[in-house]
Amino acid sequence: MRISLAAVQTAVVLASISPAAAQLAARDPQTMPCGATHLTAFRMDTSGPHSVAAIHFLDGDGDLVSPSMFFTGSFHSLCKQNRFLLVADDVHFGVTHSFLMRGDGARVAELSLGWGPATSVSDDHRVFWIETHEADNAEETRLRVFDFDGKELFDQRYREKGAIVELEFGGSVYRINVRDPDLPG
């Protein structure tokens with residue numbers, strides 16, 4: 001019988017939290033396949049959507065392909081480009097760094113995305129965009145667009161409702177409906 005390193009590490013992590021949370025997390029891991037590897041996240045507390053998770057990058061046999069990490073936020077697949085996006089979007093934990101990772105768990109970019117970002121990914125996974133209402137001015141929406149390597153392609157602030165951005169990148173045109181700003185009244 002073969003036991004993978006990931007299974008051992010997961011057992012250690014789950015044993016360090018409450019038995020009830022460990023049972024729930026062990027039953028309901030979030031898995032995102034990406035080619036020969038996949039990201040598996042075990043939530044440490046299942047009471048909310050943005051709780052701390054133990055992140056494992058595993059191969060097809062379930063063996064760890066890179067060191068595990070702990071992360072608070074949401075996960076997005078950019079698998080068509082062999083990438084995962086880990087977005088620190090839980091305002092209860094403060095603004096921290098987000099990460100663009102390769103399928104094998106190697107870090108491509110560390111990103112500072114702002115407070116409570118709303119994240120979207122294009123259908124071809126070549127670009128993703130972040131919309132924030134800046135803490136100093138909720139009456140505008142800041143739109144930032146990045147390529148699948150974490151390079152910023154676009155950064156603009158909008159005060160009007162119904163703004164639409166058309167961005168050309170790599171021979172494709174991406175149409176983005178910008179979230180309306182939080183206007184008073």
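Residues are termed buried at under 20% relative accessible area, exposed at over 50% and partly exposed in between, with a 1.4 Å probe and protein chains only. By this criterion, buried residues make up 46% of the 185 residues in the protein chain. The structure is a predicted model, in which local features need pLDDT of at least 70 and side-chain atom pairs count only at pLDDT 80 or more, while totals for chains, interfaces and linings use all residues. Residues are numbered from 1 along each chain as its sequence is written, and side-chain values use heavy atoms, with hydrogens and water left out.

The protein chain contains 2 helices and 14 strands, taken as DSSP runs (H or I, at least four residues, for helices; E, at least two, for strands) and numbered from the N terminus.

Leu113 is located in the loop between strand 8 (107-111) and strand 9 (118-121). Because its relative accessibility is 2%, Leu113 counts as buried. Contacts (heavy atoms within 4.5 Å) of Leu113, not counting residues up to four places away in sequence, include Val87, Ile130 and Phe146.

Four aromatic pairs, 4 in number, are present; rings of Phe, Tyr and Trp (its six-membered ring) pair if their centres lie within 6.5 Å, with planes under 30 degrees apart counted as stacked, over 60 as edge-to-face and the rest as tilted. The ring centres of Phe57 and Phe84 are 5.9 Å apart with planes at 50°, so this pair is tilted. Phe57 in strand 3 and Phe84 in strand 6 are 27 residues apart, and both are buried. For Phe71 and Phe99, the centres are 6.1 Å apart and the planes at 70°, so the pair is edge-to-face. Phe71, Phe75 and Phe99 form one aromatic cluster.
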